[in-house]
Amino acid sequence: MKTYNIAVIKGDGIGPEIVNEAIKVLNSVGVVENIKFNYKEYLLGGAAYDAVGDPCPDETIKGCLESDAVLFGSIGGYKWESLPKEKRPESGLLKLRKELGLFANIRPAIIFDELVNASTLKPEIIKGVDLVVVRELTGGIYFGEPRYKDKEKAYNTMIYTREEVERIAHVAFKEAMKRNKKVTSIDKANVLEVSEFWREIVEEIAKEYPEVELNHMYVDNAAMQLIRNPKQFDVILTGNIFGDILSDEASMIVGSIGLLPSASIGGRVGLFEPIHGSAPDIAGEQKANPIATILSAAMMLEYLNELNAAKRIKDAIKKVLALGYRTPDLAEFDAKEVVNTSKMGDLIAKYVKD
Ligand SMILES: NC(=O)c1ccc[n+]([C@@H]2O[C@H](COP(=O)([O-])OP(=O)(O)OC[C@H]3O[C@@H](n4cnc5c(N)ncnc54)[C@H](O)[C@@H]3O)[C@@H](O)[C@H]2O)c1
Ligand SMILES: CC(C)[C@H](C(=O)O)[C@@H](O)C(=O)O
Ligand SMILES: [Mg+2]
């Protein structure tokens with residue numbers, strides 16, 4: 001029997017509800033695939049601030065580094081919005097990503113045939129969409145210095161170094177080699193020097209991957225093209241802030257933000273998290289869709305090279321959707337039965353054994 005030590009960060013808002021379902025599914029698939037998971041919980045975000053006055057305690061960083069992988073829910077909420085920035089939950093998450101060296105965030109957006117009616121777009125436009133956003137995660141305007149705010153002015157700085165662009169470009173081209181061999185690099189090179197620089201380096205790295213077709217797109221056009229014709233994209237390579245925005249947009253192609261998982265990699269240990277936030281508007285109500293987190297757990301299994309277990313989870317999700325079970329976010333779309341967060345987890349945990 002294989003054993004993995006998983007650092008679990010439930011976080012705030014819907015975080016505990018959705019992570020509980022992912023753990024339920026992991027345990028179930030572990031039984032059939034002979035895998036044991038040892039979970040150890042750590043605090044991050046608002047929960048960590050409330051408990052120890054720090055949104056990213058050292059113990060959490062250490063615990064993650066000592067694990068085989070990290071499963072994370074979400075952080076944030078109204079309660080912590082008026083705190084000074086460094087104490088807010090979001091700063092905790094950014095610090096954790098930086099400390100763990102997670103410079104690459106892989107965000108796949110794959111349409112489930114069972115949900116073609118759930119998209120805000122016409123079925124013929126979205127059927128077959130299978131794209132992945134490769135988002136740079138530890139640089140750009142999120143981290144650039146100087147940064148400043150007073151009553152009269154405020155600024156942030158969008159900085160990328162050569163090394164940062166090269167390494168994320170390699171991740172995107174390698175991803176494309178496993179897929180349909182197309183990279184679209186998204187920037188704002190018609191206005192920003194940092195984007196011009198990004199584009200030049202991406203061009204250089206592309207020479208190492210002659211089989212991969214590369215094109216560039218300005219971010220405003222890309223936002224429109226994603227809605228107009230999402231099937232033109234295979235791998236989207238982009239910086240931190242553009243990737244944040246475009247991946248939330250991509251979730252509506254697929255049908256709900258509650259469906260999009262992600263893998264944050266690049267350091268010694270990978271962290272697996274849904275792309276959405278803590279959804280304070282529905283937290284504690286068992287209304288959240290846990291599928292994004294369960295798919296993140298499947299990405300974690302792929303990272304651990306447990307490919308059969310990962311496939312079982314993805315197949316079980318398809319099966320449950322095909323049977324017509326829907327969480328409230330997808331209730332209007334071919335639902336035979338609307339179920340809560342926990343019941344959705346139960347169903348997926350049941351069908352992973354088939
Ligand atoms: N990685 C993270 O932890 C992360 C990501 C994004 C936002 N946040 C934080 O979360 C808080 C709320 O932010 P927001 O409202 O802008 O974004 P959000 O993603 O939390 O919610 C946006 C909307 O989507 C819905 N939603 C999100 N996840 C869902 C799910 N699994 N099932 C069903 N509906 C879902 C919410 O109910 C809400 O209406 C903020 O504090 C923000 O900073 C955290
Ligand atoms: C909460 C916030 C810091 C975070 C980000 O912007 O990276 C979130 O929106 C995400 O997409 O994971
Ligand atoms: Mg985001």
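This is a predicted model: local features need pLDDT of at least 70, side-chain atom pairs count only at pLDDT 80 or more; totals for chains, interfaces and linings use all residues.

Student: OK, the inside now. How many residues does the largest nonpolar core have?

Tutor: The largest nonpolar core has 109 residues, and Leu 71, Val 134, Ala 297 and Ile 313 are those with the most contacts inside it. Helix 10 (residues 291-303) gives the most to this core, nine residues.

Student: Where does this core lie relative to the two domains?

Tutor: Between them, because domain 1 and domain 2 both give residues to this core.

Student: You mentioned Val 134. What does Val 134 touch?

Tutor: Not counting residues up to four places away in sequence, Val 134 touches a list of residues that includes Ala 104, Ile 106, Ile 168, Val 171 and Leu 237. Ile 106 is also the bridge partner of Val 134, which sits in strand 5.

Student: Is strand 5 mostly covered or mostly open?

Tutor: Mostly covered: six of the seven residues of strand 5 (residues 130-136) are buried.

Student: Which way do strand 4 and strand 5 run?

Tutor: Strand 4 and strand 5 run antiparallel, joined by seven bridges. Strand 5 also pairs with strand 10 (residues 235-238), this time in the parallel sense, over four bridges. In that pairing, Arg 135 has Thr 238 in strand 10 as its bridge partner.

Student: What about strand 8, why would you call it largely enclosed?

Tutor: Five of the six residues of strand 8 (residues 182-187) are buried, so the rest of the structure largely encloses this strand. Strand 8 pairs with strand 9 (residues 213-218) in the parallel sense, over six bridges. There, Ile 186 stands opposite Met 217 in strand 9.

Student: Switching to the ligands. How many residues surround ligand 1?

Tutor: 21 residues surround ligand 1, and the closest are Gly 76, Gly 258, His 276, Gly 277 and Ala 279. That shell divides into nine nonpolar, eight polar and four charged residues.

Student: And which residues surround ligand 2?

Tutor: Ligand 2 is surrounded by Gly 76, Glu 90, Leu 93, Leu 94, Asp 244, Ile 275 and Gly 277. Helix 4 (residues 89-99) supplies the largest share of that shell, three residues. By class there are three nonpolar, two polar and two charged residues around ligand 2.

Student: Back to Ala 279. Where in the chain is Ala 279 found?

Tutor: Ala 279 is in the loop between strand 12 (270-272) and helix 10. Its phi is near 40 degrees, a positive value in a residue other than glycine. For background, most residues other than glycine have a negative phi.

Student: Is Ala 279 buried or exposed?

Tutor: Ala 279 is buried, because 24 other C-beta atoms lie within 10 Å.

Student: What is phi for Asp 334?

Tutor: Asp 334 has a phi near 55 degrees, again a positive value in a residue other than glycine. Asp 334 lies in the loop between strand 13 (325-326) and strand 14 (337-338). With 15 other C-beta atoms within 10 Å, Asp 334 counts as partly exposed.

Student: And what joins Glu 145 and Pro 146?

Tutor: A cis peptide bond, with omega about 5 degrees. Pro 146 lies in the loop between strand 5 and strand 6 (148-149).

Student: Last one: why does Leu 115 count as buried?

Tutor: Because Leu 115 has 20 C-beta neighbours inside 10 Å, and a residue is buried if 20 or more lie within that distance. Leu 115 is found in the loop between strand 4 (104-110) and helix 5 (123-126). Leaving aside its neighbours within four places in sequence, Leu 115 is in contact with Gly 255, Leu 321, Leu 330 and Phe 333. Leu 115 and Ala 322 are 207 residues apart in sequence, but 8.6 Å apart in space, C-alpha to C-alpha.

Note on methods: Residues are numbered from 1 along each chain as its sequence is written. Chains are lettered from A and ligands numbered from 1 in the order in which they are written. A residue is near a molecule or strand if its C-beta atom, placed from the backbone, lies within 6 Å of it. Ala, Val, Leu, Ile, Met, Phe, Trp, Tyr, Cys and Pro count as nonpolar, Asp, Glu, Lys and Arg as charged, and the others, Gly among them, as polar. Helices (H or I, at least four residues) and strands (E, at least two) are DSSP runs, numbered from the N terminus. A nonpolar core is a set of buried Ala, Val, Leu, Ile, Met, Phe, Trp, Tyr and Cys residues joined through C-beta atoms within 7 Å. A residue is buried if 20 or more other C-beta atoms lie within 10 Å of its own, exposed if 12 or fewer, and partly exposed in between; C-beta atoms are placed from the backbone. Domain bounds come from an automatic or database domain assignment. Two residues are in contact if their C-beta atoms, placed from the backbone, lie within 7 Å. Two strands pair if DSSP finds at least two bridges between them.
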